[in-house]
Amino acid sequence: MSKITTELLLERAVPRSTRLRKIETLNLSKLQLKTGDLDPRLFSRLRHLQKLDLSDNLLDKFPNSLTLPDLRVLNCSNNKLEDVTALKQFPLLEELTYENNVYLTLNDDYKVMFLLQNLRLLNGKDITKLANHVRRVNSRKLTSKVTAHWEKFFRDQLPEKYTAEQVKSIKKKFLKSVQTNVVYGPSSLSEFTRWRVKMIAEEFLAYSLGLELNSDTEPEEKTDENEEESTESPREAAEDVAQVVHIYDPLLTTGAVTVTPSKRKRNHSKSSPGNKRSKSQASTEEEAEDVSAEPLHFLQCHSKGNSREDFKTQLWSCVFEPVLDSGARKDPIVSSSRTVATCGGESVCLIDCETGTVLKKYKVATEEFFSVAWTTLTMVISDSRKKAHNILAAAGRRGIVKLIHVAADFCYGEIKAHKKPIATVCFSPTQETHLFTASYDKRIALWDIGIPDCDYNFKASQLLVLETASIPLRIALVPTCPEQYLLAGCEDGCFAWNIKLDKGQKSRPFEAIFQFPDDESMTTSHRVDGLAFLNDDVVVSKSSKPGCIYLWSWSRSFDAKGKGCQRTMSAVILAELEWSTTDMSYLTLSTCPAKEYVFCGDEKGSVWMYNLSGYSTAWGSAKGKRSERRISPTQILKWPELRVNGEQPPEVLVNNVVADPAFTYLVVLTSVNITAIWKKS
């Protein structure tokens, strides 16, 4: 019988407690405990445990599923521990002590520094800088050596068309060879080096050949739905390769997932802007046209615990990575790469749209990411040289912004921006360090995230707080004056703020709320869950009114000369876009300004596309009149008839759809954990 009981845990809590879920500090030292005494079912009830003392016991290892999501401080000195890799299950650990475990060596120190991304103190010593070196420099060097070893000795051994047995054989030979021949660092760290080399080699093979990793699946965390989480999980698993399921790929003929693709690879339905026709016609007609797209990849790369059975994780946001060439960035057509960042569930992924390869994956075990945004910072690197680097901000349910230096595979910091979830984030196009965060706390905050130094030290500061009347869902900076006005679509209307920083007021109410048509009258009270600028003046917004997307003029709607706050203004409607009649919310829209396109998904997995280039001249004139008839979609991309393991996925909602600035790729995020990538042809 286990020595640990509920009564013992309550008694050894500091201070004593009456409920397991309330315990934050627990002293289990000097109890002669063995590994078998640590019952995962009992420990899983310690949801808010932050400090645990297991010193002076007889533990030889840790069980793999203790489920202590908030553990920050752990003391397991004076035991018989033989391995430290199970400690990766405690991603929030900041302080770890395991002195006087005779079987642990310097190699184990390096393993925990790599595995525990938040670790600051190890056996009482500050290891922050050394740990950063281990995670970044060491990993980069070893990855380079592993790749070079494959290219030199093994690449040509694999035939162009290979069997499963050939792959298995070469994998075995490569793993053995690379661990023997790749050497880096002092001989005292040879065990750690072999451990990392094997890990990197397996990941390399997974990316290059589509082989499975031999890593253990992380235990699925159980959540008490009635209990508000207060933990954070800074476990950015850059080395945690995505479990990618290619559900449909015209170039893919083998794999673990059986697929019956749609009979139609291309969508040719088209209606000219001047032709009035019903939605059923718009959805079913197929005519030859010069705007067509075909599916490239359907990926399942945000699965919880890397499960192939996960068709429940919602995907919310995606944005294309900017090109680092400062000259090219001025031209929107060439200002992004084919790499897109996507987020949903516990992970953020970077995907190469052309190949469908998941280039990087960052995981935070207890987070649900809602939004991502890019900026480019000019950072000081070695020898005081400056270089531009892309930084990715990711935020979600925990109200924390993660700052990721993608090229270095390193989450270098976080900003505890809000106490409630963050719905969306965006960077200023003119101030590279200025980040807006819109939260469920009914506030939009402007932050200066600073520029990290060569050791990734940085200082973030809050510059402004915009008070909202309801939860902000989408935000957009006005293109002609991005340092002066911000527009937000909220649960209860569309609002504008003056964000100019030379004003003394740090906390500001909204300056204007916009009215929109509602049957026979105008109303300000409606949910605006889609918002974007089509050009410098035309705003595209989607409201709770079924079947309608409005296009309206910012300059003609907003009276910049008026005085006072919280003024009501009527949106000057230029046109309405015909869309689905669903009353389902949060299916957001996007625009491709350079190509004058609007995109919006629906509740059936389809993507509605509107080419509005024929209207912009008329709308831009001073006397531009409203289009009398709703504008039908130029094209509707239908969701293919996918079959995964012989079955169709559940009902597919398109939460978001984004094109790159050149409109070469279209990335579709769904409610069923599938990222669809289409390519314009």
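**Figure 1. Thr-591 stands opposite Val-598 of strand E33 in a four-stranded sheet.** The model is predicted: local features require pLDDT of at least 70 and side-chain atom pairs pLDDT 80 or more, whereas totals for chains, interfaces and linings use all residues. Numbering starts from 1 along each chain as its sequence is written, and side-chain values use heavy atoms, with hydrogens and water left out. Strands (E, at least two residues) and helices (H or I, at least four) are DSSP runs numbered from the N terminus, and two strands pair if DSSP finds at least two bridges between them. The sheet is open, with antiparallel pairing in the order E32-E33-E34-E35. Its edge strands, E32 (589-592) and E35 (635-637), each pair on one side only. Neighbouring strands are turned by 20 degrees against each other on average, direction ignored; the axes are lines fitted to C-alpha atoms, for helices over the stretch in contact, with angles from 0 to 180 degrees between N-to-C directions. E32 is joined by four bridges to the antiparallel E33 (residues 597-601).

**Figure 2. Strands E11 and E12 form a hairpin.** Four residues lie between the two strands, and Gly-356 in the turn has a positive phi of about 80 degrees. E11 (residues 347-352) and E12 (residues 357-363) run antiparallel and are joined by six bridges. Leu-350 has Lys-360 of E12 as its bridge partner. In a regular strand the side chains alternate between the two faces of the sheet. In E11, six of six residues are buried, that is, under 20% relative accessible area, with exposed over 50% and partly exposed in between (1.4 Å probe, protein chains only). One side of E11 carries buried Ser-347, Cys-349 and Ile-351, and the other carries buried Val-348, Leu-350 and Asp-352.

**Figure 3. The structure has zero disulfides.** A disulfide is counted for a pair of cysteine sulfur atoms within 2.5 Å. Cys-301 is in none; the nearest cysteine sulfur, that of Cys-349, is 4.0 Å away. Cys-301 is buried, at 0% relative accessibility. For Cys-343, the closest cysteine sulfur belongs to Cys-318 and is 8.5 Å away, too far for a bond. Cys-343 is also buried, with a relative accessible area of 0%.

**Figure 4. Helix H3 contributes to the largest nonpolar core, which has 47 residues.** Such a core is a set of buried Ala, Val, Leu, Ile, Met, Phe, Trp, Tyr and Cys residues joined through side-chain atoms within 4.5 Å. Leu-52, Phe-62, Leu-74 and Leu-96 have the most contacts inside this core. Helices H1 (6-12), H2 (40-43), H3, H4 (128-153) and H6 (190-209) each supply at least two core residues, and H3 gives the largest share, five residues. Because nine of the 10 residues of H3 (residues 106-115) are buried, this helix is largely enclosed by the rest of the structure. Among the buried residues of H3 are Tyr-110, Val-112, Met-113, Phe-114 and Leu-115, and also Asp-108, Asp-109 and Lys-111. Leaving aside neighbours within four places in sequence, Leu-52 is in contact (heavy atoms within 4.5 Å) with Leu-26, Leu-28, Phe-43, Leu-68, Leu-71, Val-73, Leu-74 and Asn-75.

**Figure 5. Trp-150 and Phe-154 form a stacked aromatic pair.** Rings of Phe, Tyr and Trp (its six-membered ring) pair if their centres lie within 6.5 Å; planes under 30 degrees apart are stacked, over 60 edge-to-face, and the rest tilted. The two rings are 6.3 Å apart centre to centre, with 15 degrees between the planes. Trp-150 is buried at a relative accessible area of 5%, and Phe-154 is buried at 6%. The structure holds 27 aromatic pairs. Elsewhere, Tyr-485, Phe-514, Phe-516, Tyr-550, Trp-552, Trp-554 and Phe-558 form one aromatic cluster.

**Figure 6. Pro-15, Phe-663 and Asn-673 are found in loops.** The Val-14 to Pro-15 peptide bond is cis, with omega near -5 degrees; Pro-15 is found between H1 and strand E1 (25-27). Phe-663, between strands E36 (654-659) and E37 (665-670), has a positive phi near 50 degrees although it is not glycine. Phe-663 is buried, with a relative accessible area of 4%. Asn-673, in the loop between E37 and strand E38 (675-680), likewise has a positive phi, near 65 degrees. Asn-673 is buried at 0% relative accessibility.
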